[in-house]
Amino acid sequence: MTRWGILSTGHIAGRFAEDLGLVPGAELVAVGSRTIGSAEEFAGRYGADRAYGSWAELAADDGLDAIYVATPHAAHHEAARICLEAGRAVLLEKPFTLDLATSTELVELARARGVFLMEAMWMRCNPLILRLVELVRAGAIGEVTSVRADFGVAGPFPPEHRMRNPALGGGALLDLGVYPVSLAHLLLGVPQHVQAWAKLSPEGVDENTGIVFGYDSGAVATLGCGMVGATPLTAAITGTTGRIELPEPFFRPGSAVLHRAGAEPETLTDDPAGGGYQYEAAEVQRCLAAGLTESPLVPHAVTLEVMALLDDIRGRIGVDYA
């Protein structure tokens with residue numbers, strides 16, 4: 001049995017707690033928040049035995065095998081550091097931190113302590129996404145020539161909302177754009193050329209962002225994210241002999257359509273049970289059972305490469321969290 005703690009009591013923490021019930025061998029044991037009242041309410045709602053009014057108290061609980069950190073972006077570094085220093089395995093919600101420097105600090109701390117650490121990039125643990133990656137690598141659509149993906153939400157968000165607050169890592173890029181960027185990285189790796197443009201809010205965070213990655217192979221990734229209009233949330237992977245279309249939402253697809261040259265389109269499907277968070281929790285448990293300190297599905301190197309790209313893009317569009 002893997003004994004889980006959840007740090008934070010927001011919406012995503014609740015969705016993770018619900019999906020944890022679908023993972024064999026998983027048990028939600030404790031929850032921690034900055035206020036005991038919030039922790040107790042969450043614990044009662046999701047059946048956790050213990051509630052703590054501070055992150056440090058949760059991290060100090062020797063009855064936990066892993067902690068899922070689901071705070072707002074700006075608190076990821078501090079919360080994860082507290083857990084790692086206490087020797088707790090950590091599943092850290094994306095984006096890992098606000099920048100490459102603090103992400104690197106966490107990875108180095110985890111490695112120095114010999115403690116498991118994984119970014120909660122659930123897309124990289126999704127069975128259908130993994131199946132599509134295998135098909136691409138096996139040559140099902142030939143050589144990949146382009147990746148297109150978008151993630152935009154309608155808003156509007158008031159000025160005090162976290163999505164518009166630089167102090168909380170606001171903006172479309174880190175919250176939404178990390179998904180298109182991660183998909184492109186998953187299929188094509190690190191680009192050799194990066195271009196980006198964004199419309200910034202009065203607070204200085206990106207409201208509408210366009211990104212182009214270029215690769216020496218000739219492949220191109222065209223990506224978008226925003227919080228000023230609901231985009232289709234779809235993706236397409238095109239190759240020299242076919243393409244794969246991912247419907248809404250591409251980062252947690254229930255199906256995909258494979259088009260091969262000279263063949264009828266083939267629809268691939270996935271088990272619709274749960275919200276998709278169960279796969280990342282199962283991956284953590286698999287790694288812990290195997291004695292691993294990082295996941296081969298979401299390795300530290302990939303997390304840092306994606307964060308370096310996000311830093312690069314932020315620099316080009318003029319978003320600074322300092």
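Buried means under 20% relative accessible area, exposed means over 50%, and partly exposed lies in between (1.4 Å probe, protein chains only). Please keep in mind that this is a predicted model, in which local features need pLDDT of at least 70, side-chain atom pairs count only at pLDDT 80 or more, and totals for chains, interfaces and linings use all residues. Residues are numbered from 1 along each chain as its sequence is written, and side-chain values use heavy atoms, leaving out hydrogens and water.

**View A. Phe42 and Tyr46 share helix H2 (residues 36-46).** Helices are DSSP runs of H or I with at least four residues, strands are runs of E with at least two, and both are numbered from the N terminus. Phe42 has a relative accessible area of 0%, so Phe42 is buried. Tyr46, at 22%, is partly exposed.

View B. Rings of Phe, Tyr and Trp (its six-membered ring) pair if their centres lie within 6.5 Å; planes under 30 degrees apart are stacked, over 60 edge-to-face, and the rest tilted.

**View C. Six residues gather in one aromatic cluster.** Look for Trp122, Phe151, Tyr179, Phe250, Phe251 and Tyr277.
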